[in-house]
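Please look over the model shown here, and then follow the sections below it.

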Amino acid sequence: MRLGTPLFSNATKILLLGGGELGKEIVIEGQRLGLECIVVDRYQHAPAMQVAHRSYVVDMRDGEGLRAIIEREIPDYIIPEIEAINTDLLVEMEEFGHRVVPTASATKITMDREGIRRLTAERLNLKTAKYRFAESLEELRDAVDYLGMPCVVKPIMSSSGKGQSIVRKKEDIEKAWNYAKISARGLGSKVIVEEFIDFDYEITLLTAKTEEGIKFCPPIGHIQIDGDYHESWQPHPMPEELLREAQNMAYKVVTMLGGRGIYGVELFIKDNEVIFSEVSPRPHDTGMVTMITQNMSQFEIHLRSLLGLPLNIELIVPAGASHVIKSNINKWAPQYDISQALSIPNTSLRIFGKPLARVGRRMGVALAWGENINSARENAKKCAHSVEIY
Ligand SMILES: Nc1ncnc2c1ncn2[C@@H]1O[C@H](COP(=O)(O)OP(=O)(O)O)[C@@H](O)[C@H]1O
Ligand SMILES: [Mg+2]
């Protein structure tokens, strides 16, 4: 397949694979840095497409479709924003001379939970929840027997808690299997079963792999509901030695994965112990809080890292928080009443501009800063709840 003559350009060109809310912020930062920004997603009018120079609609698991776009655009950097991408094609493109962020192999290894476990638990020997993989209901039953209940079942490839459930009693096993299978949307029916960690708190450690070495953002605390990001705040207070241990783990993981860019390293903390959870080779949804807390957001850090630009990371407020804004209606191109929300002090909004509102879909995020985490969280929550989608 060919899409026409290649579009040569003098500008430095980035090709975003995935055009959701995180991609949109990467594109906005890219525009500010003078980059030409091209976005690919599987539906028209995705958030990042609205601010890009050009865009394409294709299912990114389709290698031939992706190849045609890359051959036409000849991007300087290919930046994956989601997991469900034909990563073999990325490996091939990298061999051909394209730069994949952070690297093609990092996107391939972290594409599913199995790759992440092989790297972190098995090769790096990091402490993780006990786990087993299962490819049938029978194997799932065996895994639950081995791990005990409660335990967590997740499709090996999914995000935002899709297909994830907790098995608390024997009757939950079949439900968990079916739920994971439906949510995997044709991506296979392999699941990971994990020991349930009753953690004290969980954090995301944004870790930038830059020209000048590895740099950390202050830890971000967060709350997930049904495995999906709901609230986050920064800096999450934690004892110095635990933070150092967390950074040490993140350091090992990103060093192994390599390349340039920001990584989101997710960790559980329980009884003074750091337990590795997962890693994403890109900005993280809980990291949206950095748009109000830091001198440069995780999106700008991602771009500066891959471009080899100087960067320093500093908090510019005592504390900040983010809270998701979810739709409670189904509607095409909805309107937003935001006047009430913005009357709450020290707040700011990012409405993503998703063309279709669906009940429960994340449509925006409220940001707030304050003298301490509690006041920032409270204001972010009030702000989010005051947005009316109609
Ligand atoms: N083994 C576990 N024990 C306790 N909570 C878990 C476990 N695995 C996941 N969770 C909870 O579910 C959230 C989402 O799980 P995660 O593995 O990060 O999936 P996703 O890739 O969808 O983000 C985590 O942030 C955590 O709150
Ligand atoms: Mg996660």
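## The parallel sheet

Strand 1 and strand 4 (residues 77-80) run parallel and are joined by 4 bridges, where helices (H or I, at least four residues) and strands (E, at least two) are DSSP runs numbered from the N terminus, and where two strands pair if DSSP finds at least two bridges between them. Within this pairing, Ile14 stands opposite Tyr77 in strand 4. This is a predicted model, in which local features need pLDDT of at least 70 and side-chain atom pairs count only at pLDDT 80 or more, while totals for chains, interfaces and linings use all residues. Residues are numbered from 1 along each chain as its sequence is written, and chains are lettered from A and ligands numbered from 1 in the order in which they are written.

The open sheet is formed by 5 strands in the order 3-2-1-4-5, with parallel pairing. Strand 3 (54-57) and strand 5 (99-100) stand at its edges with a single partner strand each, so one side of each has no neighbour in the sheet.

Leaving aside residues up to four places away in sequence, Leu15 touches Ile38, Val40, Ile70, Glu73, Pro75, Ile78 and Ile79, a contact being two residues whose C-beta atoms, placed from the backbone, lie within 7 Å. From C-alpha to C-alpha, Leu15 and Gly227 are 29 Å apart in space and 212 residues apart in sequence.

The axes of helix 2 (residues 63-73) and helix 3 (residues 87-95) come within 9 Å and cross at roughly 35°, where axes are lines fitted to C-alpha atoms, for helices over the stretch in contact, and angles run from 0 to 180 degrees between N-to-C directions. The contact is made by Gly63, Leu66, Arg67 and Ile70 of helix 2 together with Asp88, Leu89 and Met93 of helix 3.

## The two sides of helix 6

In helix 6 (residues 137-147), the residues Leu140, Ala143 and Val144 are buried. They lie on the same side of helix 6 because they cover an arc of only 100° around the axis, the arc being that of the directions from the helix axis to the C-beta atoms. An α-helix has 3.6 residues a turn, so residues three or four places apart point the same way.

The face turned away from the buried side of helix 6 carries the exposed residues Glu138 and Asp145. Among the elements that cover the buried residues of helix 6 are strand 6 (131-134), strand 7 (151-155) and helix 7 (172-183). Gly148, which follows helix 6, has a positive phi near 85°.

## Strand 14 and its partners

Strand 14 (residues 261-270) is mostly covered, with 8 of its 10 residues buried. Strand 10 (residues 201-210) pairs with strand 14 in the antiparallel sense over 9 bridges, and Phe268 in strand 14 is the bridge partner of Glu202.

Strand 14 also runs antiparallel to strand 15 (residues 273-280), to which 7 bridges join it, and Glu278 in strand 15 is the bridge partner of Glu266. The hairpin of strand 14 and strand 15 has 2 residues between the strands, and Asp271 there takes a positive phi near 45°.

Methods:
Buried ≥ 20, exposed ≤ 12 C-beta atoms within 10 Å, placed from the backbone.
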